[in-house]
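Here's a quick walk through a model with two chains in view. Have a look at it first, and then we'll go through confidence, one residue and the contact between chains.

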Amino acid sequence: MFSRIIALLIRYKNISFGSVPRLISIFYWPSVQILFWGFFTNFLISNNSYSGLGILNIILSAVILWDILFRGQLGLTMSFLEEIWSRNLTNLFISPIREFELVISLIFISLIRTIIGLTPAIFIANYFFDFHLFELGFFLIFFFFNLIIVGWSIGFLVSSLVLRYGHAFEELAWAIIFILLPFSCVYYPLDSLPPIMQKISIIFPPAHIFESMREILINGVIRYELLKNIILLNVAYLTGSVVFFLKIIAVSRKKGLLINQGE
Amino acid sequence: MNNNLINVVNLVKNFDEQSVIKNISFNVKKNSIVGILGKNGAGKTTLLGMLLGLITPTKGDIFILGKNLKLNKKEILSEINFQSPYVDLPKKMTVEQNLSFYSRLYGVKNFNTVIENLVDDLKIRNLVKKNYGSLSAGQKTKINLCKALLNKPKLLLLDEPTASLDPETSIFIRNYLLEYQKKNSSSILITSHNLDEVQAMCSNIILLKSGEIVSEGNIKQILKNYNYKTLIELFLSEG
């Protein structure tokens with residue numbers, strides 16, 4: 001089992017970090033985002049008397065935490081789509097690989113890509129804006145894993161849809177996250193949304209995660225009911241998306257979709 | 001069943017309302033080379049897909065190496081392999097990286113030595129450092145064949161094994177496969193539109209037409225029974 005997972009991880013490592021442009025593409029966007037939001041927030045603070053609440057910390061924490069979700073989803077989806085683009089699915093599925101080994105490998109490569117992508121952004125934020133993400137303490141780890149789990153859930157969903165319905169769904173790999181963005185309350189509190197949107201927001205884990213983050217950074221309060229919601233929702237979404245992914249592979253075998261899939 | 005490497009029993013495959021494989025049964029003996037023939041749409045690719053576990057049959061059973069494919073898929077897949085010009089390897093990796101990747105997936109022991117030997121045997125040493133995506137169609141065919149031999153398969157399924165190869169390389173690959181089959185006592189299943197190649201390599205054929213087997217058995221015997229001189233004549237009349 002481990003040799004097959006390691007084989008897949010080496011393959012995904014080669015795809016992701018095999019050339020300088022591909023490596024740069026992993027970390028340039030989070031770093032650019034941090035610089036953009038950091039300078040913009042600094043500008044707002046310097047032109048306002050409203051600077052006492054550590055607004056910079058809140059904005060930069062939100063930017064980095066949101067990017068964990070985005071990078072997590074993209075890392076998983078792109079690694080799987082690469083198999084389709086390179087017409088490698090047939091060879092992959094006629095090997096003795098088990099579906100759960102593919103699932104584990106995709107999760108691990110997404111984790112590695114996300115960490116590598118975000119590390120320079122965290123250092124840039126620290127250097128230019130004296131921003132300390134680790135002020136969130138233990139909850140940074142909690143938020144990190146819960147956000148990346150949301151990314152994996154979306155990643156498995158998108159990968160399943162592309163496998164089943166073809167290239168038309170590839171656009172979703174980039175777009176779906178932005179459908180979720182307004183409901184995630186990344187930059188504003190939940191109660192600033194209209195009531196109908198609030199009802200939708202609370203069925204997704206990110207709204208609870210970003211509410212928790214603001215409570216910790218602004219009031220220094222840990223709201224355990226939010227943490228409980230995050231865990232319960234994530235368990236449900238990740239389980240559901242993996243089961244859906246495995247089910248779609250089974251359906252693809254029935255419909256003969258695993259032969260000659262590709263560009 | 002013991003002398004058979006493959007037993008296909010009452011196999012049916014329907015895609016929605018369309019029946020692609022219509023209740024076929026056949027055996028492939030150990031240590032043999034069998035050609036699967038048929039015009040486009042006869043059901044060859046679907047049959048290969050089912051033998052590889054890529055397509056789930058609607059009805060029927062496939063036994064490979066005496067084991068039911070439905071129940072022992074992973075075990076069987078580690079003993080077989082497949083090559084097709086229509087299936088690529090990862091393009092963004094070098095040939096060497098691809099061969100190492102698949103060796104690991106198949107759990108090949110001492111895979112560096114295995115790769116080295118195959119690379120020399122198939123005369124592809126000049127390609128190992130190149131990106132797979134940069135190779136010509138003919139070079140890819142050779143690399144795909146190398147990948148298909150990594151786990152020393154007891155059953156090798158080949159789809160157009162010499163497609164895109166020049167005549168000299170085609171003959172080289174054909175002879176290599178014949179030698180490989182004898183040396184390793186494996187069985188090879190070939191689908192090809194190159195009937196001369198099938199006649200040169202295979203002892204037996206299975207002729208498919210619209211998802212049904214219209215002829216099966218020893219080539220010489222079939223030609224004699226139908227009073228044809230060549231496979232092309234048989235194919236044009238019966239296929």
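Chain B has a mean pLDDT of 91, with 98% of its residues at 70 or more. Keep in mind that this is a predicted model. As for the overall scores, ipTM comes out at 0.89 and pTM at 0.88.

Now let's zoom in on B:P153. You'll find this proline in the loop of chain B between α5 (137-149) and β7 (155-159). Is B:P153 buried or exposed? B:P153 counts as buried because it has 21 C-beta neighbours inside 10 Å, and the cut-off for buried is 20 or more.

Who does B:P153 touch, once its neighbours within four places in sequence are set aside? The contacts are B:E79, B:I80, B:N81, B:A148 and B:S186. Take B:S186: it sits 33 residues from B:P153 in sequence, yet the C-alpha to C-alpha separation is 7.1 Å.

On to where the chains meet. Here, 27 residues of chain A are in contact with 28 residues of chain B. On the chain A side, α1 (2-17), α4 (89-93) and α10 (224-255) each supply at least two residues. The biggest giver is α1(A), with eight residues.

Sorted by class, the side of chain A that touches chain B looks like this:

| Class, chain A side | Residues |
|---|---|
| nonpolar | ten residues |
| polar | ten residues |

Note on methods: Residues numbered from 1 in each chain as written. Chains lettered and ligands numbered in written order. Predicted model: local features only at pLDDT ≥ 70, side-chain atom pairs only at ≥ 80, totals over all residues. Contact = placed C-beta atoms within 7 Å. Helix = DSSP H or I, 4+ residues; strand = E, 2+ residues; numbered from the N terminus. Nonpolar A, V, L, I, M, F, W, Y, C, P; charged D, E, K, R; others polar. Buried ≥ 20, exposed ≤ 12 C-beta atoms within 10 Å, placed from the backbone. pLDDT = per-residue confidence, 0-100.
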